[in-house]
Amino acid sequence: MAQIIVPSNIFLTLIIVAAAVAGYVEAQSPSTSEVSVADIVTPEFFNGIIGQADASCAGKNFYSRATFLEALKSYDQFGKIGSIDDSKREIAAFFAHVTHETGHFCYIEEIDGPSKDYCDESNTQYPCKPNKGYYGRGPIQLSWNPNYGRAGESIGFDGLNSPETVANDPIISFKTALWYWMNSVRPVIGEGFGATIRAINGALECDGGNPATVQKRVKYFTEYCNQLGIAPGDNLTC
C-alpha cells in the first residue's frame, strides 16, 4: 500500500489549530478553581436571608456576609466542586440548612439549649467539662462534646472548656459551620440534597422521623437554587 506523506507544514498547522480549539474550550468552561463564592453569595443573596429575621433577633447583629467571607478564608475549597452549577448547588445547600437551623439567621443558640443534654459520656477523648453545655450554636448549630472538641482543635479555640465561644465570636461561629460542612457534609454532596439532610440531622428527620422539617429544608434549597439559576438535581429528600 502506498504511504501518504503529509507535508510538515500541514502538521504544524493542525497542531496550532488543535491548541487554539483547546484554549477556546478551556476559556468557555472555566474550572471551579475560578469560582468566586463572594460573587455568588452577593450582598443581595445574603441580605435576602437575614432580612427575613425579625429585628429583635440576636442573630441580626451577629451574623453578616463579611464575617462569613472572613471565615471562608480558612475553607477556600468550599463552593468549589465539580462544575460551576455543582458549586452553586453546594452553596445553595449550605445556606438552605443554615436558614433552617437559625431561622433566617435569627438564632445564635438553640432554643432551650441549656436545658438539653448533649454530653456523650462514652467519648473519653473529648470529655464533657463541668457546667458546660454542648447544645446547638452557630449557623449549623454545632452540637455534642466530640464536635466541639474536634472543631476547637481544628479552628483554634477551646471547644470543650469554652463552647460559648461559638455564640460569642461570629467568625469562629461561621468557621464551625464550614468545618462541619467540609468534614461531614461535603463528602456526600454528590448524592443529592437528601444526603446532606441525613448528614446534618438524619437520626431525627430522615426515614419518616420528621418529614415536615425535611420539606422545609428542601423548600429553602430549591428556592436558593432558583435564585442562582440552577436545577436542584435529584434525591432531594431522605
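**Figure 1. D207 and R198 meet in a salt bridge.** In this predicted model, the side chains of D207 and R198 come to 3.1 Å, N to O. D207 is exposed, with a relative accessibility of 63%. R198 is partly exposed at 40%. Salt bridges with shared partners also join E101, E205 and R217 into one network. A search of the whole structure finds ten salt bridges.

**Figure 2. E101, listed by UniProt under "active site", sits in helix α5.** The annotation comes from an unreviewed UniProt entry. Helix α5 spans residues 84-102 and holds E101. Leaving aside residues up to four places away in sequence, E101 touches P139, I140, Q141, I200 and R217. R217 is also a member of the salt-bridge network that includes E101 and E205.

**Figure 3. R186 and E90 form a salt bridge.** The closest N and O atoms of the pair are 2.8 Å apart. R186 lies in the loop between α8 and α9 (193-205), while E90 belongs to helix α5, so the bridge ties together parts that are 96 residues apart in sequence. Is the pair buried or exposed? Both R186 and E90 are buried.

**Figure 4. F78 touches both partners of the R186–E90 bridge.** Residues up to four places away in sequence are not counted here. The contacts of F78 include E90 and R186. Among the others are V37, F68, L72, I91 and F94. L178, W181 and M182 also touch F78.

**Figure 5. The largest nonpolar core holds 59 residues.** Which members touch the most other members? They are F68, F78, F94, F95, F105 and W181. Helix α8 gives the largest share of this core, nine residues. In soluble globular proteins, nonpolar side chains tend to be buried together. Across the 238 residues of the chain, 43% count as buried.

**Figure 6. Helix α6 is largely enclosed by the rest of the structure.** Why is α6 described this way? Eight of the eleven residues of α6 (residues 145-155) are buried, so the rest of the structure largely encloses this helix. The buried residues are N145, P146, N147, Y148, G149, A151, G152 and I155. Their cover includes α7 (165-168) and α8 (170-185). Just after α6, G156 takes a positive phi of about 110°.

**Figure 7. E110 and K116 pair through their side chains.** This salt bridge spans 3.0 Å, N to O. E110 counts as buried, because its relative accessibility is 17%, and the cut-off is under 20%. K116, at 39%, counts as partly exposed.

Figure 8. From the N terminus on, the elements run α-α-α-α-α-α-α-α-α-α. Among contacts between residues at least 6 apart in sequence, 68% join residues at least 24 apart. The accessible surface comes to about 12300 Å². Carbon and sulfur atoms account for 52% of that surface.

**Figure 9. Model confidence along the chain.** The average pLDDT is 89, and 86% of the residues score at least 70. Over residues 1-31 the pLDDT is below 50. Beyond near neighbours in sequence, this stretch has two contacts in the model. Where pLDDT is low, the predicted coordinates should not be read in detail.

Conventions
Residues are numbered from 1 along each chain as its sequence is written. This is a predicted model: local features need pLDDT of at least 70, side-chain atom pairs count only at pLDDT 80 or more; totals for chains, interfaces and linings use all residues. Side-chain values use heavy atoms; hydrogens and water are left out. UniProt positions are given in the numbering used here, feature names are shortened, and annotations may be inferred rather than shown by experiment. Helices (H or I, at least four residues) and strands (E, at least two) are DSSP runs, numbered from the N terminus. Contact means heavy atoms within 4.5 Å. pLDDT is the predictor's confidence in each residue, from 0 to 100. Buried means under 20% relative accessible area, exposed over 50%, partly exposed in between (1.4 Å probe, protein chains only). Accessible areas come from the Shrake-Rupley method with a 1.4 Å probe; for residues, only the protein chains shown count as cover. A nonpolar core is a set of buried Ala, Val, Leu, Ile, Met, Phe, Trp, Tyr and Cys residues joined through side-chain atoms within 4.5 Å. A salt bridge is a side-chain nitrogen of Lys or Arg within 4 Å of a carboxyl oxygen of Asp or Glu.
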